[in-house]
Amino acid sequence: MTEENHLSTVSDLFSDTVAHFIEALSEGVLQYESKEKDLWIRVKNSSWAKAAQVAKSINFNYFCFLSGIDWKDNDELGSEKLWQAPSESVESKSSKPPPKLVKIAGGQSRFQVFARLFSIEKKLGLFLKTDLDEKDLVIDSWSHIYKGANWHERETWEMFGFVFKGHSDLRHIYLPSSFEGNPLRKDFSLLARQVKPWPGLVDPEDMPEQPEQSNSKQSNIDESSNNSDNSEQS
Amino acid sequence: MALVNKKFFPKPLSHILNNARKYSLWVYQWGLACCAIEMAATFVSPRYDVMRLGVIPFPASPRQADLMIVSGTVTDKMAPSIRRLWEQMPDPKYVISMGSCANSGGPYWDSYSVTKGVDQIIPVDIYVPGCPPRPEALLEAIVLLQKKIATEDVSQRWIQ
Amino acid sequence: MSNPSNWNQASYISAQAADARINIEIESEGTVLNLGPQHPATHGTLRIVVKLEGEKVVSADPVCGYMHRGYEKLTEVRTYAQVTTLINRIDWLGSFANEVPFILAAEKLMEVEAPPRAQWIRTILFEMARIANLSVFLGEMGVQLGAITPVFYAFRDREFVLNLIESATGGRFHPNFDRIGGLKEDLPKGWLQSTQQAMVKMRHFCDELEQMLLENEIFQARCKGVGVIPADVALNYGLSGANLRASGVDWDIRRDQDCALAWKHCDWKVHVLDEGDSFARYKLRLQEVRESTHIIDQLCQSIPSGSIMAKVPKIIRVPPGEAFVNTENPLGEMGYYVISKGGLGPFRTKIRTPSFNNISILPWLLKGVYLPDVITILASLYFILGDIDR
C-alpha cells in the first residue's frame, strides 16, 4: 500500500507525528493507522531503536509499556482455545462485510514487539510495533533511551525469549532462575490443563437410562482415563 | 518435664498445659496476597480484634511463634522460603492455610508459577476456604485450632 | 511430620542456589542487606538486596516475582467473564478499579456502551476502591515510620467503605460486579444515603490523619526531602498516578482522557505538588482521598435513573480487533491491551500495571540514601505486590 493511502487513515491529530517519523526513518516506517487518540506505527526491525529516539525527540516522553505478541494460533494446544472464533458463525456471516483488520498495523511474522509511549503535553498515545524474524529473535534495546524499558525488556525476554541487544542485564525477573521455557509463547501449554481440562467446559454426563449406551460410554471413559494417565506420565 | 521424659503425663496436667497453650498463640503472619489484607483487618482492625482470643500477632521472628498463618498465593519461587521459616519455628507448631490459593491454588489452579496448595510443602492444621475469607472466618479457624489444641495429648505430641 | 517430595526438594535446592548466585553477584565490599521477601516494610513479598557502605546504600536490586501468578497467560485460557474474576486480584486493595479498564476495552471492541446509570455506579465504586486502597496507604505509611496508631484508624474507617462495597456487590474485596455492557445488579435501597454518611466519616478520617501524621514534626523530618524524583526521570521510568503528580506533572487520566465514566460530570480538582519527595506523595494521596469523597457525594446526588445493562448477547464473543484502555487507578495508570480474534476469550491481554513501572525506579532512587530512608521511600512509592508481579 502506498503512503498516500495511509495518510488518509490517520487523523489530523497525528499528521505531524507521522511526518516526523517518515522524515527520520523514511523506509523504516512500514504501516500506520490511527484510532481516536492513539496512533499505531509499524517500523522495520532495524529502525526500532531509532524510532524510540524519534518519538522521544517529539515529546513522547512518558514510557508506558513494552511487550511482545505471539500470533501463532494453529498449534495443538492441550488447553482450550477460547479465543478462536466459531467456524460456523464465520460462514454465516460471510455475506456481511468482512471483519475489521485483526492486526492493527499488523505484520507478517509470528512474533511482534510492541510498546506504548505517551505525550503528556499533547495527550496523545503512540504504539510502536515491529516484526521479529522467528529464526533470529534479536532486537535493539530501548533501555538507554527510556529507563523504564529496562524491566519491561527483562520481562519480555523471560516471557517470549526475545533477545534485546544492548541490554545490560537480561536475567529472570519473575520466575526462578531454574525455570525453563517462555510462558507467553503460544506453544507453551499449561500442564495442569493438559492433564485435566477445565470441568466447566466438559458436557455433563447423560442420564444412565439405556444400559447398552452406558456400556459404550464406560469404555469411552476408560479410554479417556487411559489417555490422561499417559499424558501424566509423559 | 521429668514426667514427660518418662513417657507419662497426667491428664489434669495436660489439661492445664493445653489451656495455657491455646490462649497464648504467638502467630507469625505470612501475608502473601489479598488474604493478607483480610488477615491484617483481623489482627489490626478494632472491629475484629483477634487479641481477645489470646492470639498475639507480633512475634519478632518465626523462632518465637507457635502458629503460622499462610494467607495468599504461594508461588514456586516463594515456596522454599516458606518451608525454611516453618522449619525455624519451635515445636509444637501449627499452620493455618487461609484462602483458596493457599489451600489448593485457587483461581490459579492452571498457572505455571503457582504452587497448588501450601500443604505440598508444610503440614496444615486448619484450612480456611474463601477468596478471600472474611475476617470472621479466620477468627473461627483460630477457635477451631484452639479446640484442637485443647484435646491434644501432650505426651503423644512431645514424646516421639 | 511431613516429607517433602523429591520434586520439592529439587526445586528448593535450585532456588536456594539461585538466591546464592544473586547474592554473590552483588557482594563485593561492605554489607549486603537482604530486605524481604517477607518484610513488613515491603507490604507483601518484594525482596530488595541492598548493598551498604556504612549506612549508605551503594546499590539496590529489587527482586520481584515472588507473587507472579501468570495473569497474562491465564487470560488466554479464560472467557471474558472469567477474566474479570481473575483480574480483580491484581491490585487487591482496589479490586473494582481493576475490572473497569478491561471491561471498557472489551466494550470498545464490541462497540457497546453501558447506560448512564451503570456508568455512574461504576464511577462511584471506582472511587470507593480508591478510598479503600489509599486509606491503607495512609495508615501503613505511619507504621513504617514507627507510628503505629494511624493503621488502627485506617483499618477502622476502611470498614465503612468495604461494608458499602459489600452491600452493593456482595463481596468485600473482589466484587466481580462489572459486566460487558453494564453491571450485575442495581444498587440496594438506601445505599446512596448511607454512602453519603460514610463519606462524611471518611473526610473526618482524613482530617484526623492530617492532624496526627502530616503535622507531626517527626513524620515531617523523616519524609521531607527524602526520595526526591524529578519530573523528567519520573516520566522516563513511566511512573504514574500520585507518584507522578507529586513530581509536578499535571496529568490525570480521569480528567485528560475521553472516558465513558462519569468523572466529567462532576466538579473536582487534580492536585499537583512540585516537591517530588516522600512527604509530597503522602500529602497528595491524602488530598486524593478527600477529593474522591467529594466526587462520590456529587455522583450520589446526580445519579440518573434507568437501566443498568445495555443490550448484549447472552454468549459474549468479542469481534476481532485490538483495543487499549487505561484508567487512573488508585496506584496509577492501569491499562489493558486486549487482542481479540472473535472468540469467547481474549487472544492476548497485555496488562500494564502501575506498580511495575513505579518500582522500576528503585535502583536509581535508592542509590546514595541512608538505610532508614529506604523504608520511607518504599512506603511512599506505595506499591502492591500483585500489581508488580501480576
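This is a predicted model: local features need pLDDT of at least 70, side-chain atom pairs count only at pLDDT 80 or more; totals for chains, interfaces and linings use all residues.
1. Cavities. The model holds five cavities of 30 Å³ or more.

2. Lining of the largest cavity. Which residues line the largest cavity? The lining consists of C:L93, C:G94, C:S95, C:F96, C:A129, C:A132, C:R158, C:L162, C:I165, C:R172, C:F173 and C:P175. In chain C, the elements that each contribute two or more residues to this lining are α4 (95–110), α5 (116–144) and α6 (149–169). The greatest contribution is that of α6(C), which supplies three residues. Sorted by class, the lining of the largest cavity comprises eight nonpolar, two polar and two charged residues.

3. Packing of two helices in chain C. Helix α5(C) also packs against helix α15 (residues 371–381) of chain C. The angle between α5(C) and α15(C) is about 175 degrees, and their axes lie 9 Å apart. Because an angle over 145 degrees counts as roughly antiparallel, α5(C) is roughly antiparallel to α15(C).

4. Residues of the helix contact. On the side of α5(C), the contact is formed by C:F137, C:M141 and C:Q144. On the side of α15(C), the contact is formed by C:I375, C:T376, C:A379 and C:S380. How do the residues of this contact divide by class, and what number of them is charged? Four are nonpolar and three are polar, while no charged residue takes part in the contact of α5(C) with α15(C).

5. Interface of chains A and B. In this interface, 13 residues of chain A are in contact with five residues of chain B. The two chains, A and B, bury about 790 Å² between them, and 70% of this area is on carbon and sulfur atoms. Which three residues supply more than any other three of the area that chain A buries against chain B? They are A:P176, A:L190 and A:A192, which supply 40% of that area.

6. A cis peptide bond in chain B. The peptide bond that runs from B:C131 to B:P132 is cis, and its omega is near -10 degrees. B:P132 is situated in the loop between β5 (126–128) and α6 (135–150) of chain B.

7. A positive phi in chain A. A:K123 has a phi near 60 degrees, which is a positive value in a residue other than glycine. The position of A:K123 is in the loop between β4 (111–119) and β5 (124–132) of chain A.

Terms used: Residues are numbered from 1 along each chain as its sequence is written. Chains are lettered from A and ligands numbered from 1 in the order in which they are written. Side-chain values use heavy atoms; hydrogens and water are left out. On a 1 Å grid over the protein atoms alone, a cavity is a set of points where a 1.4 Å probe fits but cannot get out, and a pocket is an open set with protein on both sides within 12 Å along at least five of seven lines; lining residues have an atom within 4 Å of a point. Grid points are joined across faces, edges and corners, and a volume is the space filled by probe spheres set on the points. Helices (H or I, at least four residues) and strands (E, at least two) are DSSP runs, numbered from the N terminus. Ala, Val, Leu, Ile, Met, Phe, Trp, Tyr, Cys and Pro count as nonpolar, Asp, Glu, Lys and Arg as charged, and the others, Gly among them, as polar. Axes are lines fitted to C-alpha atoms, for helices over the stretch in contact, and angles run from 0 to 180 degrees between N-to-C directions. Angles under 35 degrees count as roughly parallel, over 145 as roughly antiparallel, 65 to 115 as roughly perpendicular and the rest as oblique. Contact means heavy atoms within 4.5 Å. Buried area is the accessible area (1.4 Å probe) that two parts lose on being put together, summed over both.
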